[in-house]
Amino acid sequence: MPHDHGHGHAHMDPASGDRRVALAIWANMLLTVAQIIGGVLSGSLALIADAIHNFSDMASLVIAYGARRIARRPADSAMTFGYGRIEMVAALINYTTLILIGVYLVYEGGMRLIDPPQVAGWTVVILGGVALAVDTLTAGLTWSMQKGSANIRALFLHNLSDALASLAVVGGGALILLYDWRLVDPLVTLAIAGYILFLSIREIGGPIRMLMLGSPPGFDAHAVLDAVRATPGVESVHHAHFWQMQEHAASLDTHVVIDNDAWPRQQQIKEEIKHMLGAQFDIHHSTLELERADDAHSGAALFGRDGGCGH
């Protein structure tokens with residue numbers, strides 16, 4: 001069964017994508033400064049929480065921008081697989097930062113539930129509205145780019161959660177103006193924090209899996225190996241490793257045992273296997289070590305190497 005790993009994503013000119021990310025950086029930087037000043041003047045923790053979140057977005061955008069540019073470097077002697085995984089590192093940093101921010105906001109919001117402060121509602125509503133506009137713009141800039149990149153998807157989720165947080169801030173400011181309900185500010189803060197934690201914890205597994213050299217998600221490794229075994233002339237396989245060189249580049253490294261009678265056709269068999277891997281499973285990078293049946297490793301582990309050590 002072929003795996004489904006997001007190869008339907010739209011391709012965008014790298015320079016155009018870089019310009020979008022750069023514009024989003026400037027927009028978030030200006031918004032962060034305005035919200036922090038407004039939050040201090042109005043006494044609104046929800047507004048400051050939104051500002052902190054926007055600041056994390058700006059830092060995330062800077063990291064992602066740098067990662068995008070580094071990822072396009074060609075492979076060299078220091079990084080023989082290339083630099084593509086830097087985007088996974090950036091995504092992991094961004095999600096980890098979001099989790100830390102979410103935990104901090106839960107603490108601060110809880111403390112303010114005990115002693116709700118006075119909050120200037122109009123300042124909260126106005127700056128929350130400006131934030132909502134900027135967050136919506138930034139989410140729009142990254143929407144078409146996030147479908148094929150975990151790095152940009154982390155940014156998009158930052159921006160989406162920011163837009164929802166800003167909407168909550170505006171609603172909270174309106175309730176303060178209408179009913180002087182001071183509890184709404186810490187409650188909005190806790191809601192923002194909960195949403196941040198939910199998104200971050202749900203998404204952080206992808207970058208971790210790839211950096212841990214895990215098999216691509218949604219990938220049926222047994223189906224791939226069954227197809228290799230079904231190739232005429234193949235007796236068995238062992239010591240298989242599946243991983244992703246980059247986010248959308250699945251790879252296979254395995255030992256293939258060739259029947260004694262088919263050994264003279266070993267090169268042809270290898271070519272047939274590689275063609276099948278690309279056509280059926282979208283695996284275009286494979287390293288196949290061929291063993292003659294009489295000389296094959298007996299009792300070898302199917303995945304990894306014997307004893308669980310790396311290959």
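**A walk through the predicted model**

Val130 has a relative accessible area of 40%, so this residue counts as partly exposed. Val130 belongs to helix α4.

Val130 is one of the residues that make a nonpolar surface patch of about 1,000 Å². The elements that give two or more residues to the nonpolar patch are α4, residues 121-146, and α5, residues 150-179.

Helix α3 covers residues 86-114, which is 29 residues. From its first C-alpha to its last, α3 reaches 43 Å, close to the 42 Å expected at 1.5 Å a residue. Which residues of α3 are buried? They are Glu87, Met88, Ala90, Ala91, Asn94, Tyr95, Leu98, Ile101, Gly102, Leu105 and Gly109. To be called buried, a residue must have under 20% relative accessible area.

The next topic is charged side chains. The count of salt bridges comes to 3. In one of them, Asp226 and Arg229 meet through their side chains, with an N to O distance of 2.6 Å. Both residues lie in helix α8, 3 residues apart, which is about one turn of the helix. Asp226 has a relative accessible area of 45% and is therefore partly exposed. Arg229 is also partly exposed, with a value of 29%.

Another salt bridge joins Glu203 to Arg202, and here the closest N and O atoms are 3.5 Å apart. Arg202 is partly exposed, because its relative accessibility is 49%. A further salt bridge links the side chains of Arg292 and Asp294, at 3.5 Å from N to O. Is each of these two partners exposed or partly exposed? Arg292 has 29% relative accessibility and so counts as partly exposed. Asp294 has 55% and so counts as exposed. The dividing value between these two classes is 50%.

Two loops hold residues with a backbone angle worth looking up in the model. Leu213 has a phi near 60°, a positive value in a residue other than glycine. Where is Leu213 placed? Leu213 is in the loop between α7, residues 205-211, and α8, residues 221-229. The relative accessible area of Leu213 is 47%, so Leu213 is partly exposed. Asp282 likewise has a positive phi, near 60°, and is not a glycine. Asp282 sits in the loop between helix α9, residues 266-281, and strand β3, residues 285-292. With 26% relative accessibility, Asp282 is partly exposed.

Last comes the confidence of the prediction. The mean pLDDT of the protein chain is 77, and 81% of its residues reach 70 or more. Over residues 1-12, pLDDT stays under 50. For this stretch the model has 26 contacts beyond four places in sequence. Where pLDDT is low, predicted coordinates should not be read in detail.

Note on methods. Residues are numbered from 1 along each chain as its sequence is written. This is a predicted model: local features need pLDDT of at least 70, side-chain atom pairs count only at pLDDT 80 or more; totals for chains, interfaces and linings use all residues. Side-chain values use heavy atoms; hydrogens and water are left out. Patches are made of residues with over 30% relative accessible area and no salt bridge: like charges are joined within 9 Å, nonpolar side chains (Val, Leu, Ile, Met, Phe, Trp, Tyr) within 5 Å. Accessible areas come from the Shrake-Rupley method with a 1.4 Å probe; for residues, only the protein chains shown count as cover. A salt bridge is a side-chain nitrogen of Lys or Arg within 4 Å of a carboxyl oxygen of Asp or Glu. Helices (H or I, at least four residues) and strands (E, at least two) are DSSP runs, numbered from the N terminus. Buried means under 20% relative accessible area, exposed over 50%, partly exposed in between (1.4 Å probe, protein chains only). The expected span of a helix is 1.5 Å times one less than its number of residues. pLDDT is the predictor's confidence in each residue, from 0 to 100. Contact means heavy atoms within 4.5 Å.
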